[in-house]
Amino acid sequence: MAAVMERQRIAVRPTGAALGADIEGIDLARGLSPDTVGAIKQAWSDHLVLRFRGQHLDDDQLMRFSACFGELDWAPVIAALRAKVPGQDRFVEPAEEGRRYISVISNIIENGRAVGALGAYESIWHTDMSYNPQPPSASALYALEVPPSGGDTGFANMYLAYETLPEALLGLIRGRLCRHDATHNSAGELRRGFTEVTDPRRTPGADHPIIRTHPVTGRKALFLGRRRNACIQGLELEESERLLDALWAHATRPELTWYQQWQVGDLVLWDNRCVLHRRDEFDPATRRLMHRSQIKGDRPF
Ligand code: SIN
């Protein structure tokens with residue numbers, strides 16, 4: 001579908017919390033001019049998480065908007081997924097070698113099958129797909145159906161986590177790598193093709209610097225991924241566990257966070273390079289349906 005490209009004058013309204021801003025005055029279903037994309041990118045660098053309310057997007061429009069921020073990344077291997085083939089009116093199952101760019105995050109069951117992943121459970125603090133050597137730089141989540149309460153998504157500012165870290169902790173992690181576990185999703189489910197791990201030192205995944213430098217802003221951020229089965233390389237397991245507990249407690253303090261309460265038509269874009277996120281559980285008898293895209297990132301340094 002040809003997109004009408006025009007310059008849209010946007011307003012940026014910060015949440016007033018440690019991160020997050022609303023972008024107003026924009027219709028993401030239209031093609032965005034380079035000036036408009038530039039203004040959104042600046043706001044994104046400044047606020048790390050952007051919310052666009054009142055949008056009406058199909059998957060192609062969601063993918064087109066996401067592609068303004070880089071090349072689209074494949075959806076993660078998750079417990080249940082039904083993905084739309086770009087430009088076509090059909091869905092594929094994960095087993096098919098199709099181009100799986102849209103993940104469905106949902107608790108809805110249709111004809112005895114989950115239409116998406118993560119159910120109605122809590123999803124714990126994490127960074128998307130950081131078990132890959134080149135984790136996605138960003139994720140965009142678009143709300144199609146939301147429950148009357150619950151299912152809020154929390155975000156935490158990892159620049160601030162780094163900048164406020166006590167010197168004693170900083171000294172212990174400078175130059176160190178951490179293993180990011182690939183075996184479980186953020187709702188605690190074992191991912192397809194993996195077996196349970198009892199010793200974090202042997203968990204499959206990727207090793208990344210605990211302090212990473214954002215390739216665009218040049219700022220340093222804590223990069224923790226997810227707590228389960230994490231292991232700091234070169235430390236005894238007990239020492240690694242103690243240090244990780246201290247880092248996680250520091251990085252997820254309420255003053256570093258902001259919570260998104262969803263409305264239908266919200267699109268939220270976050271920067272995985274400097275933001276952690278999590279989700280509250282909600283009543284499984286209610287419906288929540290989200291479509292997510294992710295943008296390819298570089299190897300963290
Ligand atoms: C996620 O944890 O990636 C999903 C967030 C959400 O469903 O709000």
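E122, R278 and D280 are linked in a network of salt bridges. This is a predicted model, and 18 salt bridges are found in the structure as a whole.

**The network around R278**
- Within the network of E122, R278 and D280, the side chains of D280 and R278 come together at 2.6 Å, N to O.
- R278 has a relative accessibility of 9%, under the 20% limit, so R278 counts as buried.
- D280 sits at 23% relative accessibility, and therefore counts as partly exposed.

**Other salt bridges**
- R292 and D128 form a salt bridge through their side chains, with 3.2 Å from N to O.
- This pair ties together distant parts of the chain, 164 residues apart: R292 belongs to strand β24 (residues 289-295), while D128 lies in the loop between β13 (123-126) and β14 (138-145).
- Both ends are buried: the relative accessible area is 8% for R292 and 3% for D128.
- Another salt bridge joins the side chains of R273 and D271 at 2.9 Å, N to O, and both of these residues are buried.

**The ligand site**
- D128 and R292, the partners in the 3.2 Å salt bridge, are also among the residues that surround the ligand.
- S123 places a polar side-chain atom 2.9 Å from an oxygen atom of the ligand.
- For H277, a polar side-chain atom lies 3.1 Å from an oxygen atom of the ligand.
- R288 has a side-chain N or O atom 2.8 Å from a ligand oxygen.
- On its own the ligand has 260 Å² of accessible area, and the protein covers 99% of it.

**A three-stranded sheet**
- Strands β17, β16 and β20 make an open sheet in the order β17-β16-β20, with antiparallel pairing.
- Because β17 (205-209) and β20 (231-232) each have a single partner strand, they stand at the edges, and one side of each has no neighbour in the sheet.
- Strand β16 (residues 177-181) is joined to β20 by two bridges, and these strands run antiparallel.
- C178 has I232 in β20 as its bridge partner.

Terms used: Residues numbered from 1 in each chain as written. Predicted model: local features only at pLDDT ≥ 70, side-chain atom pairs only at ≥ 80, totals over all residues. Heavy atoms only, no water. Pairing = 2+ DSSP bridges. Helix = DSSP H or I, 4+ residues; strand = E, 2+ residues; numbered from the N terminus. Salt bridge = Lys/Arg side-chain N within 4 Å of Asp/Glu carboxyl O. Buried < 20%, exposed > 50% of the residue type's maximum accessible area, 1.4 Å probe, protein only. Near = heavy atom within 4 Å. Polar contact = N/O pair within 3.5 Å; in protein donor to acceptor, adjacent residues only side chain to side chain. Areas by Shrake-Rupley, 256 points an atom, 1.4 Å probe, with all protein chains shown as cover.
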